[in-house]
Amino acid sequence: MNKYRILADYYALCRDEIVHFVALRIADHDAAEDIVQDIFVRLLQSDKLINATTLPALTYTMARNMVADWFRRRRVFEEYEHYIIGTGNDRESMESVISARELMERMERTLARLAPECRETYCLHIYDGMQVSQIVQSTGLPYRAVEYRIGQARHAVRRSLRTAM
């Protein structure tokens, strides 16, 4: 049985259970569904040996790790929002400040506008924490091409965030 068939069968059988597992931990059903979807997308893209025996443990380990990442990102957003609220002395200054949520939405729009190859490389570097050399190994691209794509994406993100401020 090939990897895709194993993943498809496991997804059909256990998706709701995994969503429930994640939703119990983060108390947000929509975010839980997004996390589970990300898990299966990553499993589909993974080069790891996946079989019916190892898949449940791998899936739940990924779920726990992604829940921890979700809380880590959420804490950063909340700290930023508390900081913004703490620095605003009057209503006019608060209206001119961008919330963490607005920044995240702007960031997502900026990434969506990038060329697919730049977006993929940038996301591997920023969100997956991969070094340039690791991206080179996983994608097979030349080192300079990976550096160039990350640089282009950073430039676009900086430009977009600079206009927001």
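**Close-up views of a predicted helical model**

**View 1. Val132 in helix H7.**
Val132 is buried, with a relative accessible area of 15%; buried means under 20%, exposed means over 50%, and partly exposed lies in between (1.4 Å probe, protein chains only). This is a predicted model, in which local features need pLDDT of at least 70, side-chain atom pairs count only at pLDDT 80 or more, and totals for chains, interfaces and linings use all residues. Residues are numbered from 1 along each chain as its sequence is written, and side-chain values use heavy atoms, with hydrogens and water left out. Helix H7 covers residues 132-139. Residues up to four places away in sequence aside, Val132 touches Tyr143, Val146, Glu147 and Ile150; a contact means heavy atoms within 4.5 Å. What separates Val132 from Tyr122 in sequence and in space? The two are 10 residues apart along the chain, and their C-alpha atoms lie 9.9 Å apart.

**View 2. The whole chain, for orientation.**
The protein chain has eight helices and zero strands. Both are DSSP runs numbered from the N terminus: helices are H or I with at least four residues, strands are E with at least two. Read from the N terminus, the order is α-α-α-α-α-α-α-α. The chain has 165 residues, and 32% of them are buried. Take the contacts between residues at least 6 apart in sequence: 53% of these join residues at least 24 apart. The accessible surface comes to about 11100 Å². Carbon and sulfur atoms account for 52% of that surface. Accessible areas come from the Shrake-Rupley method with a 1.4 Å probe; for residues, only the protein chains shown count as cover.

**View 3. Thr59 in helix H3.**
Helix H3 spans residues 55-87 and includes Thr59. Is Thr59 buried or exposed? Its relative accessibility is 0%, so Thr59 counts as buried. Which residues does Thr59 contact, leaving aside neighbours within four places in sequence? They are Tyr10, Ile18, Ile39, Phe40 and Leu43.

**View 4. The loop between helices H1 and H2, with Ala27.**
Helix H1 runs over 3-26 and helix H2 over 29-45. Ala27 sits in the loop between them. Ala27 is not a glycine, yet its phi is positive, at about 60 degrees. The relative accessible area of Ala27 is 73%, so this residue is exposed. Asp28 lies in the loop between H1 and H2 too. Asp28 is partly exposed, at 31% relative accessible area.

**View 5. A negative surface patch that includes Asp28.**
Asp28, Asp30, Asp34 and Asp38 form the patch. Patches are made of residues with over 30% relative accessible area and no salt bridge; like charges are joined within 9 Å, and nonpolar side chains (Val, Leu, Ile, Met, Phe, Trp, Tyr) within 5 Å. Asp and Glu count as negative, Lys and Arg as positive; His and the chain ends are not counted. The place of a charge is taken as NZ of Lys, CZ of Arg, CG of Asp or CD of Glu.

**View 6. A positive surface patch of arginines.**
Arg154, Arg158, Arg159 and Arg162 gather here. Arg162 belongs to helix H8, residues 143-164. With a relative accessible area of 58%, Arg162 is exposed.

**View 7. The salt bridge of Arg5 and Asp9 in helix H1.**
Side chains of opposite charge can pair when their charged atoms come close. A salt bridge here is a side-chain nitrogen of Lys or Arg within 4 Å of a carboxyl oxygen of Asp or Glu. That rule gives a count of six salt bridges. In this one, Arg5 and Asp9 meet at 2.8 Å, N to O. The two residues stand four apart in helix H1, about one turn. Arg5 is partly exposed at 43% relative accessible area. Asp9 counts as partly exposed as well, at 33% relative accessibility.

**View 8. The salt bridge of Asp69 and Arg72 in helix H3.**
The N to O distance is 2.5 Å. Asp69 is partly exposed at 29% relative accessibility. Arg72 has a relative accessible area of 44%, which makes it partly exposed. Elsewhere, salt bridges with shared partners join Arg15, Asp16 and Glu33 into one network.

**View 9. Asp16 and Arg15.**
The side chains of Asp16 and Arg15 form a salt bridge at 2.8 Å, N to O. Asp16 is exposed, with a relative accessible area of 57%.
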